[in-house]
Amino acid sequence: MQLIYAAASPFARKVRVLAAETGLLERIELLDTAVLPTTLNEQVNALNPLGKIPVLLTDAGEALYDSRVICEYLDTQHQGPKLLPDGAARWPVLRMAALADGLMDAALLARYERAARPAELQWSAWLEGQLGKIQRALAELERQVDHLQGPLDLAQIGVACALGYLDFRFADLDWRAAHPGLAAFHQAFAQRASMQASAPV
């Protein structure tokens, strides 16, 4: 398998962490590429019409995109405990994983607005809207932080990668101050070898 990714992408990091935690990383060739919204990357566009990473090329030659799809696929490719449980336990994990993805979406859009758009074209109200989504997501994750305990699952990985991205790109938010439960969770989770090896640069 091959994974087209960028080291700074929290979505790609989520896939890399899951692959490492399930023992699949040694079966995946990592192809690092940077994709900005304003840059055409023909390799990525040929595999994903949306031009987004990560993209996983399976051993059968099929291109899978969207980190949620890739993670679900990889969870079928190992013999250990599944990170997406079956039955009633599945929906709380998927819901929290979706909240983490939404936080990452908002953070990426805010980052692009600040860093990629010329200053004279930046829309402050829109940026504040994205930052508001981040704050609401953090508040809800703090409220549900007890769900981040127990056996490893996709929600834990997604939340940890989302919080890591805030540290990487939004240190000024100081998200730990108002979210002690999340801060404690992230401090512990960030010590995992999979997180250390995939830290954004």
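Trainee: What radius of gyration does the protein have, and what would a compact globule have?
Mentor: This is a predicted model. The protein has a radius of gyration of 17 Å. With 201 residues, a compact globule would come out near 17 Å, so the two agree.

Trainee: And what does the C-alpha trace span along its principal axes?
Mentor: About 50 × 45 × 30 Å.

Trainee: How much of the protein is buried?
Mentor: Buried residues make up 46% of the 201 residues.

Trainee: What about contacts with a separation of 6 or more? What share comes from residues 24 or more positions apart?
Mentor: Those residues account for 66% of such contacts.

Trainee: New topic. How many helices and strands are there?
Mentor: Eight helices and four strands.

Trainee: In what order do the elements run?
Mentor: From the N terminus on, β-α-β-α-β-β-α-α-α-α-α-α.

Trainee: Then what are the values for helix 1 and helix 6?
Mentor: Helix 1 covers residues 10–21 and helix 6 covers residues 154–169. They pack at about 140°, with axes 9 Å apart. The two helices are therefore oblique to each other.

Trainee: Is the crossing left-handed or right-handed?
Mentor: Helix 1 passes helix 6 in a right-handed crossing.

Trainee: Which residues meet there?
Mentor: Helix 1 brings Pro10, Arg13, Lys14, Val17 and Leu18. Helix 6 brings Leu154, Ile157, Gly158, Cys161, Gly164 and Tyr165.

Trainee: What classes are in that contact?
Mentor: The contact of helix 1 with helix 6 has seven nonpolar, two polar and two charged residues.

Methods. Residues are numbered from 1 along each chain as its sequence is written. This is a predicted model: local features need pLDDT of at least 70, side-chain atom pairs count only at pLDDT 80 or more; totals for chains, interfaces and linings use all residues. Side-chain values use heavy atoms; hydrogens and water are left out. Axes are lines fitted to C-alpha atoms, for helices over the stretch in contact, and angles run from 0 to 180 degrees between N-to-C directions. Angles under 35 degrees count as roughly parallel, over 145 as roughly antiparallel, 65 to 115 as roughly perpendicular and the rest as oblique. A crossing is left-handed if the near helix is turned anticlockwise from the far one by less than a right angle, and right-handed if clockwise. Contact means heavy atoms within 4.5 Å. Ala, Val, Leu, Ile, Met, Phe, Trp, Tyr, Cys and Pro count as nonpolar, Asp, Glu, Lys and Arg as charged, and the others, Gly among them, as polar. The radius of gyration is taken over C-alpha atoms; the globule rule is 2.2 Å times the number of residues to the power 0.38. Buried means under 20% relative accessible area, exposed over 50%, partly exposed in between (1.4 Å probe, protein chains only).
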